[in-house]
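Work through the following exercises with the sequence and the model side by side, and try each task before reading its solution.

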Amino acid sequence: MENQAHNTMGTSPCEAELQELMEQIDIMVSNKKMDWERKMRALETRLDLRDQELANAQTCLDQKGQEVGLLRQKLDSLEKCNLAMTQNYEGQLQSLKAQVRKIII
């Protein structure tokens with residue numbers, strides 16, 4: 001009789017149990033989805049922070065690269081100046097040596 005009552009209502013005990021299981025599965029899947037989404041947001045936030053840190057480090061590296069370039073230019077300029085001064089002093093020394101030889105002779 002009970003089976004007939006369920007059949008007349010359109011659901012059997014198996015169908016009702018299956019429906020209950022499906023609802024529980026839906027709840028579990030929904031909970032898992034929310035958990036994954038929460039974890040994804042946390043990971044995306046961490047990734048954004050790391051991206052910002054990387055961008056800041058790249059900017060700093062670029063600035064240091066520019067500083068190195070300017071310092072190299074200054075070094076090249078000083079080396080050229082020192083070379084010119086050395087050549088000038090060597091020329092003056094040679095001139096003085098020649099004058100001293102003239103005086104001695």
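Helices (H or I, at least four residues) and strands (E, at least two) are DSSP runs, numbered from the N terminus. The model is a predicted one, in which local features need pLDDT of at least 70 and side-chain atom pairs count only at pLDDT 80 or more, while totals for chains, interfaces and linings use all residues. Residues are numbered from 1 along each chain as its sequence is written, and side-chain values use heavy atoms, with hydrogens and water left out.

**Exercise 1. Overall form**

Find how many helices and strands the protein has, and decide whether it is a compact globule or more spread out.

Solution. Begin with the secondary structure, which comes to two helices and zero strands. Next, take the radius of gyration (over C-alpha atoms), which is 44 Å and so well over the 13 Å that the globule rule (2.2 Å times the number of residues to the power 0.38) gives for 105 residues; the protein is therefore more spread out than a compact globule. Then look at the principal axes, along which the C-alpha trace spans about 145 × 15 × 15 Å. Finally, of the 105 residues, 1% count as buried (under 20% relative accessible area, where exposed means over 50% and partly exposed in between, with a 1.4 Å probe and protein chains only).

**Exercise 2. The annotated domain**

Describe the chain over the residues that UniProt assigns to a domain.

Solution. The UniProt record, an unreviewed entry, places "domain: CEP63/Deup1 N-terminal" at residues 11–102; such annotations may be inferred rather than shown by experiment.

**Exercise 3. Salt bridges**

Work out which residues Asp35 pairs with, and how the partners are placed along the helix.

Solution. A search of the whole structure finds four salt bridges (a side-chain nitrogen of Lys or Arg within 4 Å of a carboxyl oxygen of Asp or Glu). One of them joins Asp35 to Arg38, with the closest N and O atoms 3.5 Å apart, and because these two residues are three apart in helix 2, about one helical turn separates them. Asp35 also meets Lys39 in a salt bridge, again at 3.5 Å from N to O, and this pair lies four residues apart in helix 2, about one turn of the helix. Lys64 is partly exposed at 44% relative accessible area, and Glu67 is partly exposed at 42%.

**Exercise 4. A nonpolar patch and the cysteines**

Identify the residues of the nonpolar surface patch, and state how many disulfides the structure holds.

Solution. The patch consists of Leu18, Met22, Ile25 and Val29, with about 380 Å² of accessible area together. For such a patch, residues need over 30% relative accessible area and no salt bridge, with nonpolar side chains (Val, Leu, Ile, Met, Phe, Trp, Tyr) joined within 5 Å and like charges within 9 Å. Accessible areas come from the Shrake-Rupley method with a 1.4 Å probe, and for residues only the protein chains shown count as cover. Met22, found in helix 2 (residues 13–104), is partly exposed at 42%. As for disulfides (pairs of cysteine sulfur atoms within 2.5 Å), the structure holds zero; Cys14 is exposed at 61% relative accessibility, whereas Cys81 is partly exposed at 38%.
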